[in-house]
Amino acid sequence: MKRTLASLDPTRLDGQRALVRVDFNCPVKDGVVTDDTRIRASLPTIRYLRERGARVVLFSHFGRPKGGPDPKYSIKPCVRPLETLLGVPVSFLDNPLGDDAVAATRRLPRGGIVLLENTRFFPGEETNDADLARRFAALGDLYVNDAFGSAHRAHASTAGVAQFLKPAVSGFLMESELKYLGEAVDRPKRPFIAVLGGAKISGKIDLIEALLPKVDQILIGGAMACTFFRAMGLQTGNSLVETDRLDVAKALLEKSGGKLILPRGGVIAPELKEGITTLTVPRESIPPGFAVFDIDPATMKDFAERIKSAGTVVWNGPMGVFETPPFDQGTRGVAQAMAEATERGAVTVVGGGDSAAAVAQAGLADKVTHVSTGGGASLEFLEGRALPGVAALDEV
Ligand code: ADP
Ligand code: MG
C-alpha cells in the first residue's frame, strides 16, 4: 500500500510547501485550453492542501517539446482555467530552476498556488536525471503525485523527485485510480468480465495474457476481433487485420480455455463514411470489398447480457469506429450495459483514452464506477506492471 495525502496529519501541512505533480497535459488551441478535464481532476488535492494552509507548488509536463524550451509548449495557458475553477489567483514561475525559484516558493502565502513551467523544458526530465530531480525536490517540503496518467513513465518529476523529497505520497486522484483499478483486478467480485476492443491486438496482447488467468470471460470487439477471425480461418474482406499477429491470435485462442468470446458477426460497409448504408452479416460471411466497422446487434445484445450479470467489468477499447456514426452503436450498447451493471451493484471500470471518450460521448461517465484518466498508464497497470511513478512513493 502506498502512503496517501489523506493519511498525513492535516495539522502538519500548515505552512508546508507541497510540491504536487499534476497532469495538466490538456488540449489547447490558439493558447486557450479547450478541455479542462485534467485540471478539474486535480482540484480535490489542490483544495485539500490549500484549505490546510499548505503552499501549493504545481508542476506537470505539457505536450512533447523536443530538446528544451519551446514557447509553443508553455504550460502557462493552464493558469487561467485553474484560477477560474478555484476562484483564487495562481502565479506562474517560468524558470523553476533559476536562482530565485526556491525563494519564490517560500514567499507564497499560506494557501497560495504557483504553477511551474513545463517539466519537459528541462534536460534530464525524461531520462530521470538525479540532479534535476534534486532541484525539483528543493521546491517543496513534501511531494504529492497526483499524475496517474504519467505514472508509467520514470521521469524526474514523476519518479526521481520522490527519492529526494519525503514524505512522498499519492494525491486523491492517484489514490482513487489505484484503488479502483487495483480492486478490480486483485479482488474482483465475480463473474469478472473484461471487454476489449480497439483497432489493434498488437498493443493489447500483454493485456489479454495478463487478464486471462484472472477473468471469467473476455469479450472481444473492435477491429481486434477481425485478427482473431482470420486466425480462425475466416474471410475478413477489407477489415483491419494484423496479418503479422495471426500466430499470436491463434495461440491466445488455444490457451484461452473458452474464455475469449468473439463477436457473432459485424456491421460492414464498403468504406468508412459517416451515415453510409451498412449491412449486418454473420462472421462466416464477410464479403470481399467490405470491412467490419462495428459489432453486430446480436453480439451487442449478447455482450450486454453478459455485462449486466457480471460482478466486475473492466473495459478497454471501443467495439467499433465509434467516432463515425452509425458505427458507434456497438460501443454505445456496451456503455449502456456498463451503466446498468453499475446500477445493479457491479464494479465497472473504464480504462483507455478512446473508451473514456466514448463513455463521455454517451453521457454515461458518471454512471460507471470509475473512468480512468490514464490511457497508457491504466493499460500498463492492468497488465500487472509496476508503474515507476507509483513505485517511487512511500510505502506504509
Ligand atoms: P483505447 O484508447 O480506449 O485504449 P484504442 O486506442 O486501442 O482504444 O482503439 C481505439 C480505436 O479503435 C478507435 O479510434 C476506433 O475507431 C478504432 N476501431 C475500433 N473498431 C474498429 C474497426 N472495426 N475498424 C477500424 N478501427 C476500429
Ligand atoms: Mg487510444
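**Questions about a predicted model**

Modeller: Let's start with P326, which sits in the loop between β15 (312-316) and α12 (329-343). Keep in mind that this is a predicted model.

Biologist: What makes the peptide bond between P325 and P326 worth a look?

Modeller: That bond is cis, with omega about 10 degrees. You will find P191 in the loop between α7 (172-186) and β9 (192-196).

Biologist: Now to the ligand. Why is the pair formed by K204 and ligand 1 called a polar contact?

Modeller: A polar side-chain atom of K204 lies 2.8 Å from an oxygen atom of ligand 1. The cut-off for a pair of N or O atoms is 3.5 Å, so this pair qualifies. As for cover, ligand 1 taken alone exposes 580 Å², and the protein buries 80% of that.

Biologist: Which residues come nearest to ligand 1?

Modeller: Out of 17 residues around ligand 1, they are K204, V292, E323, D354 and S355. The shell holds six nonpolar, eight polar and three charged residues. Both β14 (291-295) and α13 (353-361) supply at least two of the shell residues, and α13 gives the most, with three.

Biologist: How do you know that domain 1 and domain 2 touch?

Modeller: The domain assignment gives domain 1 (5-175) and domain 2 (188-382), and their C-alpha centres are 36 Å apart. Contact asks for heavy atoms within 4.5 Å, and six residues from domain 1 and seven from domain 2 take part, so the two domains do touch.

Biologist: What is the area buried between them?

Modeller: About 530 Å², with 68% of it from carbon and sulfur atoms. On the domain 1 side, F148, H152 and L173 lose the most area to domain 2, together 77% of what that side buries.

Methods: Residues are numbered from 1 along each chain as its sequence is written. Chains are lettered from A and ligands numbered from 1 in the order in which they are written. This is a predicted model: local features need pLDDT of at least 70, side-chain atom pairs count only at pLDDT 80 or more; totals for chains, interfaces and linings use all residues. Side-chain values use heavy atoms; hydrogens and water are left out. A residue is near a molecule or strand if one of its heavy atoms lies within 4 Å of it. A polar contact is a pair of N or O atoms within 3.5 Å; within protein, one must be able to donate a hydrogen and the other to accept it, and residues adjacent in sequence count only if both atoms are side-chain atoms. Accessible areas come from the Shrake-Rupley method with a 1.4 Å probe; for residues, only the protein chains shown count as cover. Helices (H or I, at least four residues) and strands (E, at least two) are DSSP runs, numbered from the N terminus. Ala, Val, Leu, Ile, Met, Phe, Trp, Tyr, Cys and Pro count as nonpolar, Asp, Glu, Lys and Arg as charged, and the others, Gly among them, as polar. Domain bounds come from an automatic or database domain assignment. Buried area is the accessible area (1.4 Å probe) that two parts lose on being put together, summed over both.
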